[in-house]
Amino acid sequence: MGEIVKVKSGSKYETLNSYSRVVVAGDMIFVSNTAGRNYKTRAIASDAKGQAEQAFRNIEGALAAVGASLKDVVAVKVFVPDIADMDEVNAVVGRKFKDIDPANTTTCTPLGQPELKVEFEVTAYKRRNPDQPEQRISVDLS
């Protein structure tokens, strides 16, 4: 059976809500919903782009703690409360996942704090052989 590792980042909400920032179960890595707040300074940008950039820094740090990176991400869930922020957020997502191409679910939904303009949840797969090429297939769904 595979090992399970749970990683805390020090957020007060991890304690209050009893969750881990990252859970590794065998080769699978699950990163909890992550906002664009600098968790050390508590600062948060006022715009969706700035929050998305910081959220990705948070996610990259969480993944690095378990020996992974954005290249290992196989799925992303994007939560944006205001559809007017969608283009800014999608531009950041597109740049960060260029040539990685994870499955993506994006929804417009309220978040737990009014200043939050975006949160991301990612799932990654820790490849046993990083030199093994990915298989890419195109399909016509019409």
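I take buried to mean under 20% relative accessible area, exposed over 50%, and partly exposed in between, with a 1.4 Å probe and protein chains only. By that rule Phe 56 is buried, and so is Phe 120.

**Entry 1: ground rules**

I am working with a predicted model, where local features need pLDDT of at least 70, side-chain atom pairs count only at pLDDT 80 or more, and totals for chains, interfaces and linings use all residues. Residues are numbered from 1 along each chain as its sequence is written, and side-chain values use heavy atoms, with hydrogens and water left out.

**Entry 2: overall make-up**

I looked up the secondary structure and found three helices and six strands. Helices (H or I, at least four residues) and strands (E, at least two) are DSSP runs, numbered from the N terminus. Along the sequence I read the pattern β-α-β-β-α-β-α-β-β. The radius of gyration is 16 Å, close to the 14 Å that the globule rule gives for 142 residues, so the protein is as compact as a globular protein of that length. That radius is taken over C-alpha atoms, and the rule is 2.2 Å times the number of residues to the power 0.38. I noted a span of about 40 × 40 × 20 Å for the C-alpha trace along its principal axes.

Of the 142 residues, 37% count as buried. The protein exposes about 8,700 Å², and carbon and sulfur atoms supply 52% of this area. The areas come from the Shrake-Rupley method with a 1.4 Å probe; for residues, only the protein chains shown count as cover. I also looked at contacts, meaning heavy atoms within 4.5 Å. Among contacts with a separation of 6 or more, 67% come from residues 24 or more positions apart.

**Entry 3: the sheet**

I traced an open sheet of six strands in the order S1-S2-S3-S6-S4-S5, with mixed pairing. Two strands pair if DSSP finds at least two bridges between them. Strand S1 (4-7) and S5 stand at the edges with a single partner strand each, so one side of each has no neighbour in the sheet. Neighbouring strands are turned by 10° against each other on average, direction ignored. Axes here are lines fitted to C-alpha atoms, for helices over the stretch in contact, and angles run from 0 to 180 degrees between N-to-C directions.

Strand S4 (residues 73-79) is joined to S6 by six bridges, and the two run antiparallel. I checked two positions: Ala 75 stands opposite Thr 123 in S6, and Phe 79 has Glu 119 in S6 as its bridge partner. On its pairing with S5, S4 runs in the parallel sense over five bridges. There I found Val 78 with Thr 106 of S5 as its bridge partner.

**Entry 4: helices on the sheet**

**Entry 5: aromatic rings**

I counted two aromatic pairs in the structure. Rings of Phe, Tyr and Trp (its six-membered ring) pair if their centres lie within 6.5 Å; planes under 30 degrees apart count as stacked, over 60 as edge-to-face, and the rest as tilted. Phe 56 and Phe 97 are edge-to-face, at 5.5 Å centre to centre with 70° between the planes. Phe 56 sits in helix H2 (residues 48-64) and Phe 97 in the loop between helix H3 (86-96) and strand S5 (103-107), 41 residues apart. Both Phe 56 and Phe 97 are buried.

The rings of Phe 56 and Phe 120 have centres 4.8 Å apart and planes at 50°, so this pair is tilted. Phe 120 lies in strand S6 (residues 119-125) and Phe 56 in helix H2, so the pair ties together parts 64 residues apart in sequence. I recorded Phe 56, Phe 97 and Phe 120 as one aromatic cluster.

Is Asp 72 buried or exposed? Asp 72 is buried, with a relative accessible area of 11%, and is found in the loop between H2 and S4. Leaving aside neighbours within four places in sequence, Asp 72 is in contact with Thr 123, Ala 124, Tyr 125 and Arg 127.

Glu 14 lies in helix H1 (residues 12-16) and is buried, with a relative accessible area of 1%. Not counting residues up to four places away in sequence, Glu 14 touches Lys 8, Ser 9, Tyr 19 and Arg 21.
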